[in-house]
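Trainee: Could we go through this model together? I would like to know what stands behind each label we put on it.

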Amino acid sequence: DSEGLLRIKEENQKHYRRAQRHQEKKEKIQRHNRTVGDLVEKKTCDLRTQYERLAKLRRTHILELTSVIFPIEEVKTSLRDPADVSSESDNAMTSSTVSKLAEARRTTYLSGRWVCDDHNGDTSISITGPWITLPNNGDYSAYYNWMEEKKTTQGPDMEHNNPAHTISAALCYATQLVNTLSLILDVNLPKKLCNRQVKTGGESVNHEFCGENLSRHKFTRAVKKLNANILHLCFSQHVNLDLLHPLHTLRNLMYLVSPDTENLGR
């Protein structure tokens, strides 16, 4: 029994010495973890600072881009509300008629259905200059009408002072701006839209909007892709969702590149 007790004591001493070594190793690992944790925290802080600097640099580039090359502004027309004009010319007009006229003015027939739109043509959004604008309500039917007229009428009068040319040019510039913004912000766009002329297999592929005349289906499809890309960029920069509308191409783009957008460049 004495010999057995002695062996047990020796084993206990070995376990105790091993436990001490493990405790020292544990303390060493804890010190290493604290050192690495402090280093990671410092690196994280440095990375956050670099992200902020990068965001400011991106923001500066975007504001320069949209102030010098692609300025986007709201262009207001001087049209008066027909309800006001009618009420002035006819004092006996009832208030219900006035309200109906005002409601009709805020309604637009778009793609086979009536759409409520508070702006309804009072304002347009210009890009690169006040002469290149898009309707605020997203109604690009002038392009469709122009295509239909070109099928039946040929002549020089069809090629000048046509709003379809303005719509095509504005959408072309908007596509160029969106593709450039995606590069600056390092955000991949969900839809691919070409904004330059490239050659593939010996054939030239033109810009979606400034190439050959598009059919209504192709034009509508291209506009939807452009609107989807703009909304994607707006979501990535945390633009206020209450300001966005899926059909307002240039207005959404204007909100995206506005100096008031706090997260622009993130």
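Mentor: Gladly. Let us begin with a term: a cavity is a set of grid points where a 1.4 Å probe fits but cannot get out, and its lining residues have an atom within 4 Å of a point. Keep in mind too that this is a predicted model.

Trainee: Which residues line the largest cavity?

Mentor: The lining consists of Ile125, Leu134, Pro135, Asn136, Tyr140, His248, Thr249, Leu250 and Arg251. The volume of this largest cavity is about 30 Å³, and the count of cavities of 30 Å³ or more comes to 1.

Trainee: How do you know that there is empty space at all?

Mentor: Rolling a probe the size of a water molecule over the atoms shows where empty space is left.

Trainee: What classes of residue make up the lining of the largest cavity?

Mentor: There are 5 nonpolar, 3 polar and 1 charged residues. Pro counts as nonpolar and Arg as charged in this scheme. Strand 5 (133-135) and helix 7 each give at least two residues to the lining, and the largest share, 3 residues, comes from helix 7.

Trainee: What makes helix 7 count as largely enclosed?

Mentor: Buried means under 20% relative accessible area. In helix 7, 7 of the 8 residues are buried, so the helix is largely enclosed by the rest of the structure. Those buried residues are Thr249, Leu250, Arg251, Asn252, Leu253, Met254 and Leu256.

Trainee: What covers the buried residues of helix 7?

Mentor: The cover includes strand 1 (72-76), strand 4, strand 5, helix 5 and helix 6.

Trainee: Let me step back to the whole chain. How many helices and strands are there?

Mentor: The chain has 7 helices and 7 strands. Their order along the sequence is α-β-α-α-β-β-β-β-α-α-β-β-α-α. Of the 266 residues, 33% are buried. The chain exposes about 17,900 Å², with carbon and sulfur atoms supplying 51% of that area.

Trainee: What share of the contacts joins residues at least 24 apart?

Mentor: The share is 61%, counted among contacts between residues at least 6 apart in sequence. A contact here means heavy atoms within 4.5 Å.

Trainee: What makes a group of residues a nonpolar core?

Mentor: The members must be buried residues of the nonpolar kinds, such as Leu, Ile or Phe, joined through side-chain atoms within 4.5 Å. The largest such core has 43 residues, and Ile127, Leu171, Leu181, Phe219 and Leu253 touch the most other members. Two or more residues come from each of helix 1 (2-69), strand 4 (123-127), helix 4 (141-152), helix 5 (163-185), helix 6 (216-236) and helix 7 (249-256). Helix 5 gives the largest share, 10 residues. As a general point, nonpolar side chains in soluble globular proteins tend to be buried together.

Trainee: Which residues does Leu181 touch?

Mentor: Leaving out residues up to four places away in sequence, Leu181 touches Ile62, Leu65, Leu233, Leu253, Leu256 and Val257.

Trainee: Why is Glu52 called partly exposed, while Tyr51 is called exposed?

Mentor: Exposed means over 50%, and partly exposed falls between that and the 20% limit for buried. Glu52 has 46% relative accessibility, so Glu52 counts as partly exposed. Tyr51 has 53%, so Tyr51 counts as exposed. Leu54, with 34%, counts as partly exposed.

Trainee: What makes the phi of Asp186 worth a remark?

Mentor: Most residues other than glycine have a negative phi. Asp186 is not a glycine, yet has a positive phi of about 60°. Asp186 sits in the loop between helix 5 and strand 6 (198-200), and at 60% relative accessibility Asp186 counts as exposed. Thr128, also not a glycine, has a positive phi of about 70° and lies in the loop between strand 4 and strand 5.

Terms used. Residues numbered from 1 in each chain as written. Predicted model: local features only at pLDDT ≥ 70, side-chain atom pairs only at ≥ 80, totals over all residues. Heavy atoms only, no water. Helix = DSSP H or I, 4+ residues; strand = E, 2+ residues; numbered from the N terminus. Buried < 20%, exposed > 50% of the residue type's maximum accessible area, 1.4 Å probe, protein only. Areas by Shrake-Rupley, 256 points an atom, 1.4 Å probe, with all protein chains shown as cover. 1 Å grid on protein atoms, 1.4 Å probe; cavity = no way out; pocket = protein on both sides within 12 Å on 5 of 7 lines; lining within 4 Å. Points joined across faces, edges and corners; volume = space filled by probe spheres on them.
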